[in-house]
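Hi,

Here is the structure I promised to pass on. Have a look at it first, and my notes follow below.

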Amino acid sequence: MRFTREQLEAMAQSVPVWFHSIDFGQGVVTNGLISPSQQADQVQSFRFPDLRGKTVLDINALDGFFSFEAERRGASRVVALDHYMWAMDLARHYHYWVECKERGVVPSAYHTMPYYLPKVMPGKIGFDTAKKALQSDVEPVVGDFMEMDIERLGTSDVVLYFGSLYHMENPLEAMRRVAAVTKDVALIETEAAVFADLPDHALVEFFESNELNGDVSNWWAPNEKALLGLCRAAGFRRVESMVKPPLPRAGETPGVVRYRAVAHAWK
Ligand SMILES: C[S@@+](CC[C@H](N)C(=O)[O-])C[C@H]1O[C@@H](n2cnc3c(N)ncnc32)[C@H](O)[C@@H]1O
């Protein structure tokens, strides 16, 4: 059955907060916090390998934009895994986060808030709605990647680990777990930093509170050397940077510059 434009529009409107802008077709695009043009830039910079016939695991998929993109690119099976933000009432969460930012106060850890409802999983509504609208075969799995028995996941040819590493309290352990579920290659995208005057050191910036974007769930920003080393130490054989750190602009004072790094890591 093909949905009408009105039905697709109603589905898009039925979700209070979208993180991703997902194209439902017939001119209906969800109103994501990440704009369609930002997502197009991401897709380009992530440099997806040929996914035709491949199995894909999208760790921390949220609304599933990249899971659906993998399916659209011909993956034979796509699993979308998430827990943390699926457990939140995202409208209340964003309202709280914006309010704290405006008032200049540090938010409480989000999983201690009354809107964190793991028994209800209110934040999964975006993924579920998009799956329905796209009539997609992407398989959702509810699980906290850092806590769950990852043997349950088996291994996938291609693993997507986007927008997650800097949220992890234990990044080396996180990358070990990513390596354990990867058969061929993992694509990693993360907040990263350049320490302009120390290019030869593997360094990581630590955020004790909400220094990065007012968000208390951000902990780390590695530089390129630390990110690549972290992947190798976690069990990947070869790692390549797909987005190089920005070069200092002429006349710029050396210091810390942040950017989003992308690396591919092969088993
Ligand atoms: C910025 S979103 C990225 C979503 C998607 N992968 C993307 O790149 O667009 C962060 C993701 O990490 C997950 N996550 C897992 N543990 C987290 C934690 N402790 N703090 C914040 N996010 C966490 C969230 O559920 C969410 O799906």
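The ligand is surrounded by 15 residues, with H20, N60, D82, M85 and F162 the closest (a residue counts if one of its heavy atoms lies within 4 Å). Bear in mind that this is a predicted model, where local features need pLDDT of at least 70 and side-chain atom pairs pLDDT 80 or more, while totals for chains, interfaces and linings use all residues. Numbering starts from 1 along each chain as its sequence is written, and side-chain values use heavy atoms, without hydrogens and water.

Some of those neighbours make polar contacts (pairs of N or O atoms within 3.5 Å). A polar side-chain atom of H20 sits 2.7 Å from a ligand oxygen. N60 uses a polar backbone atom, 2.7 Å from a nitrogen of the ligand, and M85 has a backbone N or O atom 2.9 Å from a ligand oxygen.

Now the helices (DSSP runs of H or I, at least four residues, numbered from the N terminus). Helix 6 (residues 171-180) packs on helix 7 (residues 224-233) at about 55°, with the axes 8 Å apart; axes are lines fitted to C-alpha atoms over the stretch in contact, and angles run from 0 to 180 degrees between N-to-C directions. P171, L172 and M175 in helix 6 meet L230, C231 and A233 in helix 7, with contact meaning heavy atoms within 4.5 Å. By class, that contact has six nonpolar residues, no polar and no charged ones (Ala, Val, Leu, Ile, Met, Phe, Trp, Tyr, Cys and Pro count as nonpolar, Asp, Glu, Lys and Arg as charged, the others as polar).

Cheers

Technical notes. A polar contact is a pair of N or O atoms within 3.5 Å; within protein, one must be able to donate a hydrogen and the other to accept it, and residues adjacent in sequence count only if both atoms are side-chain atoms. Helices (H or I, at least four residues) and strands (E, at least two) are DSSP runs, numbered from the N terminus.
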